[in-house]
Amino acid sequence: MKKRSILRRVTAVCTGLMMLAGMPVSADTGQRAVDAFSTEIGLAANLYTVAGSGYADHAALQWATTLDAGQFTLYRSAGSDSNFVPVYTGTGTSWSDNDMQPGTEYFYQLAVTGKDGTQYSSVKSLTPCAVPAGLDSYDNQKGSSLQYETGGYKVGNTYYSYALRSHGNGDIYLEETTSSDGRRFGNARNAADSSQNSALASCKIESVHIEYLAHANKVVVWAHWEQPSGYADGKALVITGTPGGTFTVHHVYNPLGIQVRDMAIFFDDDAAHTGYLIAAANKEGQGANATIYIFRMTADYSDVTEVVKTLHENQYREFPNMIKRNGYYFLFTSQAAGWYPSSGAYTVTDNIAGEWSGLRSIGNSSTFSSQSGWIVNLQDRNYLMHAYRWLRASSTSGTTLCPLYFDNSFAFYDYCPSFLYSTKTGDLYPVQEGELLSQNKPASASLAAKAETSAASAVDGSYQSSFTAIGDYKKWPFYLQIDLEQVCALSNIQTSWYICKGSEGYYTYTVEGSTDGVTWKTLLDHTDKNSDIVNSTYGFNSDMLTGEARYVRLNVQNATLQNNPNNNWYTPTVYEVKVFGKVLRAAEAPLPAVAYDFDSVSGGRVPDITGNGGDLTLSGGAALAQDAEKGSVLKLTGDAADFAVLPAGLLDGTREYTVVMDAKSDSDGDFFTFATGQSRDKYAFFKIAQDHFRFETTTDTWRGESGMRHDLDGAKWHRYVLSVSGGSARLYVDGVLAAETTELTTGPADMGSGQQAYFGKSFYEEDAGFSGLIDNAAVYRRALTESEIAALSGSGRLRGDVNADGSFDLADAVMMQRFLLADGTLTDWQAGDFDENGRINAVDLTQMKRALL
């Protein structure tokens, strides 16, 4: 009988269960775009460039919806809008297209599926191109200044520029300078000062807004005024005037008796050019900045007439800024958090005086270690969110500029280390340091987590979901690990952390890389608390890397809280980890630490066919026997004295391992089929009974066990693959995912050195032995991935790969469904025979979808 190989090298590695970039699909599997679309879905698509490439040939897709959404599916078509195929399915809110060719137009449409069915976004299109020459560069890592061809406001043949300045001792005045070319300004004059209002003689000014309104030939100045010390007054300074002419200081006051601080001014595009003051404000008795007020200005913009709207009552939002796009008014604000980074959000309406949406999240939890601020308009073609980094390292940027995109009533921004732009033409190209490699790749953590907050949530493309450890099992340090599934040259890792207002913390950590999951190299050390790069960066880190790796491990040592540095009460939480770089080569298939085909025995020892010398020692009545289906196999009788001993220390120190075996059980009751550990206090085991599979791990006898159970017919031959990675474990039966957990609380690394490992022996003396047959057994010192496990399910065939393209993904499900509808054929039908009954039917499609999702 020919056996399934347990040493097979696999060259076809699946691109991942959810992220299906560059999926090769034949034309007859595509579909046309859906013409009916919902305005309750926003889909933003923009090109970006990889540093040094010279081409904008990658796409970033971001989306949001107000619909009930259980799942998103992103469709893409190349060359026309009539051949859409799914490229992403999941719960994330972004995706990166790394498979684009310059000159080809690409189309995208998002499907949102929820309790009310499926609705679609409008279609977006992008055409990759060469990056235009002559663009300026802005560096978000180290800091830059936006470059403008001209400055100020041009009135006739003269450019005018304005700024509130101080003579010293808090004596504030409005300075006007002029220029004939918009570049070299001089002829400074004092346009307005304390001679018009004594309140300017001694004060401090913040949140300054100066606009020139061409229709009225008027300069309008609004700013936040306070006494030289404190913030108790909350007054507004109002100045207006004519360029080159007279200026008037109208007020230093509380508009309509209301204290105002952070503020913005907005001028609508209606016939009256209505002006609005938007301010973080409060009445007597309220805390500062308790509520956002929108005031309507007088026709000359020197005062306010009424409160049009109040928003976010007692939510303490600040730094408001408003922009109008495609009929919608977007109001951006930040959470009040002193000088620490805070979360940004926006609210939206089509009528300033009417109903507004609730606050909508945007960006990550800390606005990328900044506070959202004002909006840079690049010729009405592109926009930037200009955020401030009040607390920062001396070598890092004091501002963070994020490309800002709109669709319907939704806004989006994300971080890029740098970008190329032109303030003259409005061109804008975000620059990443490589392709996004990590989204939806296999991820694990060293700590137990609920399924909905497992490590997978830290690589799902959403800043709103997170890896969060179960509180009862939280501990520091911990790690997150990502399997990129290919060997890659790494260039940048971006980490979005948990941050708590009032108890903001910075993190110490290292980043390690490995090409094989066994040997690790430190790529980044971010642990020196004396470095301001470490102790002054909160909420988000963007670190440059150098090195090759398939596996990336983020080792988090601790969080230091600014208000209580010796008491880290945080529950380990990471919102998102993004790894950027370049794919170098396919990863080599892993080889087991030990493997046994049970074809021979000598002197009571079964040879290790890996050549590593880890022979299996038979004890008691354990022996090889002939099976009609499998040939020569290991037979264990159920007597506690009959077992097989694996090499001592086989899994010492590891938090990742995989056990593979074909097995047929005659057992019931208490017994172990496989075990590793020290004693009845510290062990990990699984048992294959006649009616179920059970896996547990503990460092506190049976009382501390964590694991999982799966019911099945164990009296028949099955191939079992148990893959364990940190707090996660997955059981595959005959190549199909049967059970999984993310709530493991211990592993071999917690059990000390010199551990024993057995087939058929329990660490409890009162237990029976395993009664049954075992064949083709192997143990790996790393967790096998979905694709690697699938490759073990048959004779060289990747289970589910019905289109024979070397990967198992949504394209295979599309082909299978069309085949069952008599609308196509299968390239390799045997790869789709999930229930192994020799025919393809709806049961196989159901099992295929389960394996994918």
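# Briefing: cysteines, cores, rings and a sheet

Cys 129 is partly exposed, with a relative accessible area of 24%. That value belongs to a predicted model. No disulfides turn up in a search of the whole structure.

**Cysteines**

- A disulfide is a covalent bond between the sulfur atoms of two cysteines.
- The sulfur of Cys 129 has its closest cysteine sulfur in Cys 416, 16 Å away, which is too far for a bond.
- Cys 416 is buried, at 1% relative accessible area.
- For Cys 416, the closest cysteine sulfur is in Cys 402, at 6.7 Å, and that is also too far for a bond.

**Nonpolar cores**

- In soluble globular proteins, nonpolar side chains tend to be buried together.
- The largest nonpolar core has 43 residues. Among those touching the most other members are Leu 616, Leu 646, Phe 686 and Phe 759.
- Strand β48 (residues 656-665) gives this core its largest share, four residues.
- A second, separate core has 34 residues, including Leu 480, Ile 493, Val 556 and Val 574.
- Beyond its neighbours within four places in sequence, Leu 646 is in contact with Val 594, Tyr 596, Leu 616, Ala 757, Tyr 758, Phe 759 and Val 779.

**Aromatic rings**

- There are 48 aromatic pairs in the structure.
- One of them is Phe 330 with Tyr 346. Their ring centres are 6.0 Å apart and their planes meet at 45°, so the pair is tilted.
- Phe 330 sits in strand β25 (residues 328-335) and Tyr 346 in strand β26 (residues 344-349), so the pair ties together parts 16 residues apart in sequence.
- Phe 330 is buried at 0% relative accessible area, and Tyr 346 is buried at 1%.
- Phe 643 and Tyr 758 have ring centres 5.6 Å apart and planes at 85°, so this pair is edge-to-face.
- Phe 643 in strand β47 (residues 643-646) and Tyr 758 in strand β56 (residues 756-759) link distant parts of the chain, 115 residues apart.
- Phe 643 counts as buried at 12% relative accessibility, as does Tyr 758 at 10%.
- One aromatic cluster includes Phe 467, Trp 476, Trp 497, Tyr 509 and Trp 569.

**An open sheet**

- Six strands form this sheet, in the order β6-β3-β1-β33-β32-β11, with mixed pairing.
- Its edge strands, β6 (94-97) and β11 (136-139), each pair on one side only.
- From one strand to the next, the twist averages 30°.
- Strands β1 (residues 41-50) and β33 (residues 428-432) pair in the parallel sense over two bridges.
- Thr 49 has Val 431 as its bridge partner in β33.

Note on methods
Residues numbered from 1 in each chain as written. Predicted model: local features only at pLDDT ≥ 70, side-chain atom pairs only at ≥ 80, totals over all residues. Heavy atoms only, no water. Core = buried A, V, L, I, M, F, W, Y, C linked by side-chain atoms within 4.5 Å. Buried < 20%, exposed > 50% of the residue type's maximum accessible area, 1.4 Å probe, protein only. Contact = heavy atoms within 4.5 Å. Disulfide = S-S within 2.5 Å. Pairing = 2+ DSSP bridges. Axes fitted to C-alpha atoms, helices over the stretch in contact; angles between N-to-C directions. Phe/Tyr/Trp six-rings, centres within 6.5 Å; stacked < 30°, edge-to-face > 60°.
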